[in-house]
Amino acid sequence: MTGTAHTCDAVIMGGGLAGLTLALQLKQRFQDIDVLVLERRKHPVPHAAHKVGESSVEIGAHYFDTVLGLKPHMDGAQLRKFGFRFFFSEGRRDIDQVTEIGASRYLAVPSYQIDRGIFENYLAQEAVRRGVRFDDAALVRHVDLAEDADAPHRLEWSRGGETHSAEARWIIDACGRAGLLKRKLGLAEPNAHDVNAVWFRIADRIAIDDWSDNADWQARCDPRARWLSTNHLCGAGYWAWLIPLASGSHSVGIVADPKLHPLDTFDTFEKAMQWFATYQPRLYDALDGKRHLLQDFAFLKHFSHGCKQVFSGHRWALTGEAGLFLDPFYSPGSDFIAMSNTYITDLVAHDRAGRSLEARAQLYDQIYHSFYESTLALYQDQYPLFGDPEVLPVKVIWDYAYYWGVLSQIFFQQRLTDLMLLGSLKEELQHCQRLNLAVQQLLRAWSAASARRNAAVLLDQAAMPWFAELNQSLKGPRLDDAGFKARIRASTAQLRQLAREILARARADNADLSGSALPSILGENMSSPPANAESGAMLFAALPVDARKPRLPNFTERSSPVAPRARP
């Protein structure tokens, strides 16, 4: 049966997080725009056991609560996240006797733990309220992209036994890994980051704060709410996540490098439990009595992927996982949705103003891919050092400084589409990118020879003045062009100082460390010298010599994973 034929300004294929937020952003920018969202799933979707991608960080959180104006929902229906938290707890039950990285208090800029079911149901309702046409249970059957610059695109979908069609000036693929446009146009592109993941939800809280009755350990955080963090239980070649959801469930996952932890060792719930019994026994203890509360289980192989092109001057685009996906370690998924949706909205604005799109779309695509490649460097070939209690804390501080000092400043200061201003900072931005690559290389070399001392200490990020101030700077007023240039140059200087300190710390730990490109990059003369960085140490204090303990096993050296021990 043939149903209604539609004519609209934009069709968004996919009504999940990426597609619905784009629809809201388009309606916010252009009150008269006619947007149709086609979602394959039937709404309302279930809470908790719906999708992963529950942890947000500063860019994505700012996009949701401020750019889209959803703060009442984020504050009232989701959980405020207590930052990232990392424990070097492999093989251990004494969580209070291992190194912990995290903040003892909330920092200035909020982020959220997001129940994707609650959020996407709300986004769909809000989109309809703002005038978006939303069709759920809609299966796209055919897409015909126009070759002529002024001709509309065409597509067909089925819903409720009827076939519908539409003509649209813009088509945006937000349908996730189905990648309709990616497959149609041959845009799929692998990357060199090979990792796998499994995840499940338990219909109960996992109270990590109750894992020790040590009063000193419990009092290290105010509030005493480690459970609200995105908790990372770390080991060589993997990390396990714990993410609380507003619906009362808890999300649990394992992300691992298959060279050290093959997927087939934890690709069912029972196997994952046995894996926890070996590698994270305290989490096993917490889950063992909750087996009957299991809500779902899923896994994904080789989940990190690229895309040859995501924005086109021919009035099509990809956003969310339909385009690029990195790695969940620092939860960048909603960040890249925020950036891609902002670029798409700006391209639509230029099109509606009758301006040429081709050059701008190409530049946006290049910049977006540059952000992707520099962020990918945080993860690629880095999983072996995730079990290193000495090197990973240094990496975490560097990665935060790079993220808050560069990419976050561009987004929070609304400079993402300011091509002229970004072009004037090309030297500084490229220098920071090279610094990041060199620091990541140094960290790998350092960890290969690290003593991996695992002291019973909280490495408190909130106690580092420069760290808290950098976070606070994201909340500042919008700067003029000169002020923004000064901000990026100050960030460049800060990163150079931090890189020097990391290099010195690594060499002090291992005098034979060599082969890093970092010294030569730090020796470069820049045409616009960066502002002077603040004096004083930027890293956590090094462990004293008397804290040295026998070297922990470096599991990167083994040729196969540790054989699982018997289930307790």
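**View 1. Cysteines: the count comes to 0 disulfides, taking a disulfide as a pair of cysteine sulfur atoms within 2.5 Å.** A disulfide is a covalent bond between the sulfur atoms of two cysteines. The cysteine sulfur closest to that of C175 belongs to C307, and at 11 Å it is too far for a bond. C175 is partly exposed, with a relative accessible area of 24%, whereas C432 is buried at 1%. Buried means under 20% relative accessible area, exposed means over 50%, and partly exposed is in between, with a 1.4 Å probe and protein chains only. The model is predicted: local features need pLDDT of at least 70, side-chain atom pairs count only at pLDDT 80 or more, and totals for chains, interfaces and linings use all residues. Residues are numbered from 1 along each chain as its sequence is written, and side-chain values use heavy atoms, with hydrogens and water left out.

**View 2. Helix α11 (residues 391–412) packs against helix α15 (residues 481–509).** Helices (H or I, at least four residues) and strands (E, at least two) are DSSP runs, numbered from the N terminus. The angle between α11 and α15 is about 170°, and their axes are 10 Å apart. The two helices are therefore roughly antiparallel. Axes are lines fitted to C-alpha atoms, for helices over the stretch in contact, and angles run from 0 to 180 degrees between N-to-C directions. Angles under 35 degrees count as roughly parallel, over 145 as roughly antiparallel, 65 to 115 as roughly perpendicular and the rest as oblique. From α11, the residues in contact include V394, W398, Y402 and Q409; from α15, they include F484, R487, L495 and I502. Contact means heavy atoms within 4.5 Å. By class, the contact has 13 nonpolar, 3 polar and 1 charged residues. Here Ala, Val, Leu, Ile, Met, Phe, Trp, Tyr, Cys and Pro count as nonpolar, Asp, Glu, Lys and Arg as charged, and the others, Gly among them, as polar.

**View 3. An open sheet of 8 strands has mixed pairing.** The strand order is β16-β12-β15-β14-β13-β4-β5-β20. Two strands pair if DSSP finds at least two bridges between them. β16 (294–300) and β20 (458–460) stand at the edges with a single partner strand each, so one side of each has no neighbour in the sheet. From one strand to the next, the twist averages 15°. Helix α11 packs on this sheet, touching β4 (84–87), β5 (100–102), β13 (230–235) and β20, and its direction makes about 10° with that of β5. Within the sheet, β14 (residues 238–244) and β15 (residues 250–256) are antiparallel partners over 7 bridges. P244 has H250 of β15 as its bridge partner.

**View 4. V396 lies in helix α11.** The relative accessible area of V396 is 0%, so V396 is buried. Leaving aside residues up to four places away in sequence, V396 touches F86, I101, Y330 and Q461. V396 and L378 are 18 residues apart in sequence, and their C-alpha atoms are 9.5 Å apart in space.

**View 5. Helix α8 (residues 281–288) is mostly covered.** Of its 8 residues, 6 are buried: P281, R282, L283, Y284, A286 and L287. The elements covering these buried residues include β12 (196–202), β13, β14, β15 and α7 (269–279).

**View 6. β10 (residues 162–173) pairs with β9 (residues 153–159) in the antiparallel sense.** The pairing of β9 and β10 runs over 7 bridges, and W157 stands opposite H164 in β10. The hairpin has 2 residues between the strands, and G160 takes a positive phi near 60°. β10 also runs parallel to β19 (residues 316–318), joined by 3 bridges; the bridge partner of I172 in β19 is A317.

View 7. Most residues other than glycine have a negative phi, and most peptide bonds are trans.
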